Amino acid sequence: MTDVLVTGIGAVSCHGRGAAALWRAMRDARVRLPDRPADPLAHMALPLIYLVPEDHVPAEHPGRAAQFAVTAAAEALRDAGLTGRERTRFGVVVGSCMGEAGLREADRYPESRTAGRRPAFQLATHLGAWLGGIGANSSIANACSAGLFALCTAVDMLRCGEVDVVLAGGADAYSRVALGCFNRLGAVDPVRCRPYDRHRAGTVFGEGAGMLVLESREHARARGVGTGYARVTGTGWSCDAHHPTAPEPAGDQITRAMREALAEAGDDGVGCVLPHGTGTQLNDVTESGALHRALGPAAGSVPLYSLKALIGHTGGAAAGLAACAAALILRHRVVPPNVPLDEPDPACPVRLPVGAGTALDVDRVLVNAYGFGGTNASVVLAADGGGVR
Amino acid sequence: MSAPVGSSRTTPDGDVRPAGAPATGAVAPDVVVTGIGVVAPGRPGEPWFDPRAELGGRGYRYAPAATRYLLAATRRAIVDGGRLDRLPPERRGAAVATNGGLEPLFAEMDRTVTGADATELSPALAPYFAINVLGTRLVAEHQLKGFHLTLTSPRVAGFEAVEAGWRALAVGRCDTLLVGVTEDGAEQGAVALVLERAGAAAGPGHGRLRAATLFVPPSAVSDRVRLTAALDRAFDRLAPRPAPATPGNLTTAGTPATLASPVELFGDGSPVADAVGAAVAELTGVNPVPRPVGAGCLAPMLRTARLFAGPPGEHRLVVATAEGNVAVVRVSVAAPAIREES
């Protein structure tokens, strides 16, 4: 089977642009309260979202999500030592919950109209045009798990021999419709994004993008790259086939996705989990239970890193950013401290270390991503070359 | 009977891989289209969709139109012979495609938020802000628990779904696949296809369908050599059991690019579509028949369904858009006499 490496990462979040900025924020583990979008038409009780700072994205691309995606992609390519213009079979796979919804929303009103009608889901297309080469290109809209489905699709493309290198991940930006709908569903926490807290009251959206360069070991070696950040050693997909918003209560399908990813990876345990962990009551309880079923007794002691507490729920970008965070954890061999909770929820029996980093004692990280409609994916990333690039 | 959760994954060859065993490499699957369902307008002004008659009860009154079209098309595909229940729910996948399926709903919800308040939104429709939710009732109704992918590339998303589903079959993520395309607004209607592994299906069904997508940036259309080579590789992937991709190889006799079959081009008059059309003509030796592409991804899939309803033979479709999204497709229609046996 094709050995798939992560050889470059790029990140944009409310903490600014760059994987280094993300890692600094992870190490600092400070509580950050959400922002309010400058949108006078957003009539809703809780217009809360973690916004990417305005001065951290280039303005030359149409739409914020495209700006985030290109920024993260450019960083990932640089990090991998690529330009995107190599004469190789290149692919782009972008996951997004909302696409460029912000542009569509702006175009509906004269005061904010831009360049007229255009398809909402053009992030992959935009990245492809930005790269400028002929290649594979795919747009995946699997809600909040879109970024991980994009990553898995990239792995499958490599395994099927369709491409040599893939730029994969997710991006999402502020959408008035999405935030309004989350308000209507009573799913916005009025305080902050605080998964696994006893007093959590929903999630808080965030903006951002996480992009990764994936390639076969053979291809990486041929261009002189000995080791990557990580190997993608296991992937698993499932679907609840249950309800538009609520997870299937028993967690059978999210357990199955984890087990498939772990089995493919060799099932030797993991040193850290980046859970989906949104902050909604049911998600966190269901995922905690499923982790115990998938990992067994180790579930109570494996450190979890709750990324959404730091950057909010970035929708289709969430798992792209989580995969970048996992790559950084493997590189530094440490699980950063979690953003402190006010009161951990005893109904979620998981370990969330705070205060100081935890040494990564097993060189494998499990990343979970779940989306509305019960669309689930899990991935295992393993250190490559001892985690040292 | 369902397989125990997480106990195994079935390989593309049908072998059950025990938990912990290494995954196989990708194996090109041989799949046949066993059921086709179409819900689409007929003559202008004529009623064409009665949700109560199609879906029973209140006709999923609180679901968006695109969801109802998709549900109805899938039910028709099953009546047509597609079997989604031959295998456990965990082995059934869904690849759903849309471009603007929920655009009318998004516009309405935005008007509500901007003109009134989010509290005025329908709680039944609020989850549909995530476009993949339009397929949730479908996967619940047919217990498609393998996966549910939603593909959205401009105009080619239907064939992107065929390709993604085929890839999922190749790496063992499912054994039966539902491909659905649905649109509402500027294009309306849905197409559903049931694809089963040839060895597991009761017969050859309607035939075979393969698709390969690629991206041709508008800035690259003048590079005719690279464009032609890329299209040639895409055609190569349409073979039932393609050889491993070999970059740079040009067409050899007998590949899908040189089949003695018509070629239809769904283009939008853009430089990309024109360049792709010219390159396809050079590769295949056939001038493509121009077809109108719609606002979404439905029109080429409707044509595919119609081809499967026609006489046996080989057909090739090409979609090319101003944005740069391109698809090449091979439709191999089985002989009616054989089809009846299934």
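**Notes on the two chains**

1. The accessible surface of chain B comes to about 12,200 Å², and 55% of that belongs to carbon and sulfur atoms; such areas come from the Shrake-Rupley method with a 1.4 Å probe, and for residues only the protein chains shown count as cover. Please keep in mind that this is a predicted model, in which local features need pLDDT of at least 70 and side-chain atom pairs count only at pLDDT 80 or more, while totals for chains, interfaces and linings use all residues. Residues are numbered from 1 along each chain as its sequence is written, chains are lettered from A and ligands numbered from 1 in the order in which they are written, and side-chain values use heavy atoms, with hydrogens and water left out.

2. Chain B has 9 helices and 12 strands (DSSP runs numbered from the N terminus: helices are H or I with at least four residues, strands are E with at least two). Of its 342 residues, 61% count as buried (buried is under 20% relative accessible area, exposed over 50%, partly exposed in between, with a 1.4 Å probe and protein chains only). Among contacts in chain B between residues at least 6 apart in sequence, 73% join residues at least 24 apart; contact means heavy atoms within 4.5 Å.

3. Gly37(B) counts as buried because its relative accessibility is 1%. Leaving out residues up to four places away in sequence, Gly37(B) touches Ala73(B), Arg76(B), Ala77(B), Ala190(B), Val191(B) and Ala192(B).

4. One of those neighbours, Arg76(B), forms a salt bridge with Glu54(B), with the closest N and O atoms 2.1 Å apart (a salt bridge is a side-chain nitrogen of Lys or Arg within 4 Å of a carboxyl oxygen of Asp or Glu). This pair links distant parts of the chain, 22 residues apart: Arg76(B) is in helix α2 (residues 65–79) and Glu54(B) in helix α1 (residues 51–55). Arg76(B) is partly exposed at 33% relative accessible area, and Glu54(B) also counts as partly exposed, at 21%.

5. How many residues does each chain bring to the contact? Chain A gives 71 and chain B gives 70. The area buried between them is about 6,000 Å², 59% of it from carbon and sulfur atoms; buried area is the accessible area (1.4 Å probe) that two parts lose on being put together, summed over both.

6. The count between chain A and chain B is 5 salt bridges. Arg237(B) forms a salt bridge with Glu162(A), the closest N and O atoms being 3.4 Å apart. Several elements of chain A each supply at least two residues of the side that touches chain B, including α3 (101–107), α6 (176–184) and β9 (230–239). The largest share of that side, 8 residues, comes from α6(A).

7. Within chain A, Asp342(A) forms a salt bridge with Arg192(A), the closest N and O atoms being 3.8 Å apart. Asp342(A) is in the loop between β11 and β12 (358–359) and Arg192(A) in the loop between α6 and β7 (205–206), so the pair ties together parts 150 residues apart in sequence. Is Asp342(A) buried or exposed? At 56% relative accessibility, Asp342(A) counts as exposed, whereas Arg192(A), at 5%, counts as buried.
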